[in-house]
Amino acid sequence: MQYALLDGVKTEALKGTQGTCIGCGKKVIAKCGSIKIHHWAHDVTAKCDSWWENETVWHREWKEKFPANFREVNFFDQKLQENHRADIHTAAGITIEVQNSSITLKELQAREAFYPKLIWIVNGLKFKGFKLLKALPQPNHPALENYEFRNSEHLSMIRKTDALHQNPNAEVLNFYHRDLNTIPITSEFYAFSWRNPHLAWLNAVCPVFIDLGGHFLYRLRTRYQVSENYRYLQLISKKSFLAKYAI
Ligand SMILES: [Zn+2]
């Protein structure tokens with residue numbers, strides 16, 4: 001944890017001190033070594049927040065993009081009878097969970113049910129076999145209404161009528177096809193492939209923003225189709241994300 005109470009004040013870990021956990025009220029010890037980021041830690045035996053994961057530099061960097069009073073905000077969970085510390089809870093009542101490691105679908109759903117307005121930021125650099133592919137046209141472009149995106153590495157389409165009739169001989173079209181070649185390609189929407197997808201993120205109901213490093217986030221989006229739904233990414237700069245939420 002970045003914060004604990006020291007003489008009743010929310011404070012960052014201070015070498016050689018003991019504080020009080022903002023959640024459970026138990027004793028926590030300042031860990032200020034030279035390898036891990038400075039943090040507060042419970043005794044190994046203490047039971048506090050079962051959703052908490054060990055903090056990394058990546059977590060800390062995200063938290064520090066937000067005002068200090070938005071970081072590590074405590075809520076009591078009546079159902080689980082435990083405290084949860086939201087990584088970030090904004091003045092507008094939005095909770096942002098910054099997640100480095102994978103979680104089970106069960107935990108994801110519990111957390112989505114617990115926080116009324118939740119946004120996930122997940123570390124995409126830890127995904128296995130995740131690849132950003134080509135730029136797409138606006139998936140909701142009116143001219144694409146009667147087409148379905150196929151889940152293939154090279155962007156292709158079939159007509160919706162073929163999808164409805166499950167036509168095994170459906171014509172596969174690409175963007176050079178005369179019916180489609182006037183639809184502009186954007187620099188906002190992207191295809192991706194994910195060899196070993198982490199199913200919890202694909203089943204999230206709350207917005208999921210993937211951080212692949214750099215200046216942008218990629219929001220996981222779904223195009224709902226007659227045939228298999230199509231997943232794609234929407235690019236948003238970290239700057240505009242923060243302009244929206246870090247206030
Ligand atoms: Zn605690």
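## Exercises on a predicted chain

Among contacts in the protein chain between residues at least 6 apart in sequence, 51% join residues at least 24 apart; two residues are in contact if their C-beta atoms, placed from the backbone, lie within 7 Å. This is a predicted model, in which local features need pLDDT of at least 70 and side-chain atom pairs count only at pLDDT 80 or more, while totals for chains, interfaces and linings use all residues. Residues are numbered from 1 along each chain as its sequence is written.

**Exercise 1.** State how many helices and strands the protein chain has, and describe the order of the open sheet.

*Solution.*
- Step 1: Helices (H or I, at least four residues) and strands (E, at least two) are DSSP runs, numbered from the N terminus.
- Step 2: The protein chain has five helices and 16 strands.
- Step 3: Two strands pair if DSSP finds at least two bridges between them.
- Step 4: Nine strands form the open sheet, ordered β6-β7-β8-β9-β14-β15-β16-β13-β10, with mixed pairing.
- Step 5: β6 (71-77) and β10 (130-137) are the edge strands, each pairing on one side only.

**Exercise 2.** Find the sense in which β8 and β9 pair.

*Solution.*
- Step 1: Locate β8 at residues 95-99 and β9 at residues 118-123.
- Step 2: These strands pair in the parallel sense, over five bridges.
- Step 3: Within the pair, T95 stands opposite L118 in β9.

**Exercise 3.** Describe the largest nonpolar core and the contacts of V208.

*Solution.*
- Step 1: A nonpolar core is a set of buried Ala, Val, Leu, Ile, Met, Phe, Trp, Tyr and Cys residues joined through C-beta atoms within 7 Å. Buried means that 20 or more other C-beta atoms lie within 10 Å of a residue's own, with C-beta atoms placed from the backbone.
- Step 2: The largest such core has 20 residues, and W120, I121, V122, V208, F209 and I210 have the most contacts inside it.
- Step 3: β9 gives the most to this core, with four residues.
- Step 4: Leaving aside neighbours within four places in sequence, V208 is in contact with W120, V122, W201, R219 and L220.

**Exercise 4.** Describe how the two domains are placed and where they touch.

*Solution.*
- Step 1: The domain assignment, automatic or from a database, gives domain 1 (1-48) and domain 2 (50-247).
- Step 2: The C-alpha centres of domain 1 and domain 2 lie 33 Å apart.
- Step 3: Nine residues of domain 1 are in contact with ten residues of domain 2.

Technical notes
Buried ≥ 20, exposed ≤ 12 C-beta atoms within 10 Å, placed from the backbone.
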